[in-house]
Amino acid sequence: MYIADKWVDYEVIDTGGGEKLERWGRYTLRRPDPQIIWPIENETGLWKKADGHYHRSSSGGGQWQMSPSLPERWTISYGELNFHIKPTNFKHTGLFPEQAVNWSWMMDKIRNAGRPIRVLNLFAYSGGATVAAAAAGAEVCHVDAAKGMVQWAKENAQLSGLESAPIRYITDDVFKFVQREQRRGKQYDAIIMDPPSYGRGPNGETWKLEDNLYPFLQSCTTILSERPLFLLINSYTTGLSPSVLHNLLHLTMKGKYGGEINCGEIGLPITKSGLNLPCGILGRWESKE
């Protein structure tokens with residue numbers, strides 16, 4: 001498991017009863033997590049004093065119960081990277097802190113490449129990977145279908161002093177954007193993607209990860225440069241094995257470019273128990289240059 005254990009501004013304090021108690025900078029949040037199937041050892045202290053608590057509804061969804069002290073949004077840092085945090089619908093905060101293991105990895109790859117690197121970030125959300133890649137000196141194209149998330153990514157870049165960095169922000173359907181880049185002959189040295197389990201396009205197109213990820217990966221290889229640096233897949237799809245990502249990368253990248261494949265779970269350390277909380281999986285292909 002790849003553990004995001006270099007945080008200062010974020011911490012999983014405790015877990016249990018299907019929930020995690022987290023510290024985001026100065027504030028504590030209590031949120032549901034389906035992986036936590038053990039009980040809370042002692043539901044006192046910080047558990048009772050959380051600044052925000054997301055309550056699931058029996059009919060689906062849920063809502064936040066927030067203390068008056070919790071601001072609408074605030075900022076946390078990971079090294080030189082800065083991010084706005086804001087509790088949103090569906091329990092999220094605008095950042096997945098376990099992704100810090102990927103930020104550090106890609107920043108090292110970009111800085112040690114010894115050449116200009118162009119990065120394409122697909123399903124790019126609020127721009128954690130975009131900010132990391134740009135901070136490392138890459139030219140970045142950030143693509144997400146949600147206009148609000150693209151704006152959030154711009155704000156995160158500004159917070160990190162990257163308002164003048166070569167970042168291109170695109171609000172568009174990811175699949176159609178990749179097809180257009182093929183026709184335009186555009187090429188990238190690295191691709192990052194966090195595809196959803198299920199989704200619908202603007203014209204009712206259906207995306208199912210198990211049906212569409214392989215052909216989408218194939219199409220992405222056509223816009224890679226002759227010397228690609230890396231390709232990173234993140235997934236939060238329940239039941240998907242890291243070995244499946246390994247096989248996909250072997251079939252689409254290894255034969256064409258050689259290189260090395262590493263796959264596994266990503267997780268966060270739990271302070272109270274000393275255990276690690278699984279948060280998703282990753283698949284990394286990287287060149288051996």
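**A tour of the predicted chain**

Among contacts (heavy atoms within 4.5 Å) in the chain between residues at least 6 apart in sequence, 61% join residues at least 24 apart. The model is predicted: local features need pLDDT of at least 70, side-chain atom pairs count only at pLDDT 80 or more, and totals for chains, interfaces and linings use all residues. Residues are numbered from 1 along each chain as its sequence is written, and side-chain values use heavy atoms, with hydrogens and water left out.

**Whole chain**

Show the C-alpha trace, which spans about 55 × 40 × 40 Å along its principal axes. The chain holds six helices and 17 strands; these are DSSP runs numbered from the N terminus, helices being H or I with at least four residues and strands E with at least two. Of the 289 residues, 53% count as buried, meaning under 20% relative accessible area with a 1.4 Å probe and protein chains only.

**The five-stranded sheet**

Select β2 to β6. These five strands form an open sheet in the order β2-β3-β4-β5-β6, with mixed pairing; two strands pair if DSSP finds at least two bridges between them. β2 and β6 (62–66) are the edge strands, each with a single partner, so one side of each has no neighbour in the sheet. Next take β5 (residues 52–56), which runs antiparallel to β6 and is joined to it by five bridges. In that pair, His-55 has Gln-63 of β6 as its bridge partner.

**Asp-14**

Go to strand β2 (residues 10–16) and pick Asp-14. Is this residue buried or exposed? Asp-14 has 8% relative accessibility and therefore counts as buried. Its side chain makes a polar contact of 3.0 Å with the side chain of Trp-47. A polar contact is a pair of N or O atoms within 3.5 Å; within protein, one must be able to donate a hydrogen and the other to accept it, and residues adjacent in sequence count only if both atoms are side-chain atoms. Leaving aside neighbours within four places in sequence, the contacts of Asp-14 include Lys-20, Leu-21, Ile-270 and Lys-272.

**Helix α4**

Select residues 174–184, helix α4, and colour its buried residues: Val-174, Phe-177, Val-178 and Glu-181. They fall within an arc of 100 degrees seen down the axis of α4, so they line one face of the helix; the arc is that of the directions from the helix axis to the C-beta atoms. At the start of α4, a side-chain oxygen of Asp-173 comes within 3.3 Å of the backbone nitrogen of Phe-175. Gly-185 follows the helix, with a positive phi near 75 degrees.

Key: Buried < 20%, exposed > 50% of the residue type's maximum accessible area, 1.4 Å probe, protein only.
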